[in-house]
Amino acid sequence: EAPQSRPTHLVILANGLFGSPDNWRTIIEKLQGAINTQEVLIHPSNANRRTDTYDGIDVCGRRLADEIESVVKQHPSLKQISVVGHSMGGLLLRFAVGVTYDPEHRTIA
């Protein structure tokens, strides 16, 4: 029986306007060939798909923050989070990081 993955590094990918997680398919395939997938969890965001991206930075950013917090709770072994956004996805990630930042512990999510 293979040991269960206990990732220490989360990589969140956020699509831009009218995008979807499918936009990251090729990048995910390339990354998975270059990293230790037992240590690094690549997560293309599902929070804001297609027309959901029209809801505005604050609404979309909050949805993304909620998704990030949920993924982190599912993987308590995480120690590091990296964020990668395409176009509007970068703005949403900046919003989500600001919402989830804990200044006392200097962590997000």
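Predicted model: local features only at pLDDT ≥ 70, side-chain atom pairs only at ≥ 80, totals over all residues.
Let me begin with the aromatic rings. The structure holds one aromatic pair, and the two partners are Phe18 and Tyr54, whose rings are stacked, with 6.2 Å from centre to centre and 15° between the planes. If you follow the chain, you will see that the pair links distant parts of it, since Phe18 sits in the loop between strand 1 (9-14) and helix 1 (25-32), while Tyr54 sits in the loop between strand 2 (40-44) and helix 2 (57-74), and the two residues are 36 residues apart.

Are these two residues buried or exposed? Phe18 has a relative accessibility of 40%, so it counts as partly exposed, whereas Tyr54, at 53%, counts as exposed, because the cut-off for that word is over 50%.

Staying with Phe18 for a moment, there is also a charged neighbour to point out: Arg50 lies over the face of the Phe18 ring, at 5.5 Å from the ring centre.

Now let us turn to strand 1, where the picture is one of cover. Six of the six residues in strand 1 are buried, so the strand is mostly covered, buried here meaning under 20% relative accessible area. In a regular strand the side chains alternate between the two faces of the sheet. In strand 1 both faces are covered, with His9, Val11 and Leu13 buried on one side, and Leu10, Ile12 and Ala14 buried on the other.

Which way do strand 1 and strand 2 run, and how many bridges join them? The two strands run parallel, and five bridges join them; to give you one place to look, Ile12 has His43 in strand 2 as its bridge partner.

Finally, I would like to move to helix 2, where we find Asp66. With a relative accessible area of 40%, Asp66 is partly exposed. Between the C-alpha atoms of Asp66 and Glu104 the separation is 20 Å, and along the chain these two residues are 38 residues apart.

To return to where we began, the pair to look for in the model is Phe18 with Tyr54, stacked, with Arg50 over the face of Phe18.

Key. Residues numbered from 1 in each chain as written. Heavy atoms only, no water. Phe/Tyr/Trp six-rings, centres within 6.5 Å; stacked < 30°, edge-to-face > 60°. Helix = DSSP H or I, 4+ residues; strand = E, 2+ residues; numbered from the N terminus. Buried < 20%, exposed > 50% of the residue type's maximum accessible area, 1.4 Å probe, protein only. Lys NZ or Arg CZ within 6 Å of the ring centre and 35° of its normal. Pairing = 2+ DSSP bridges.
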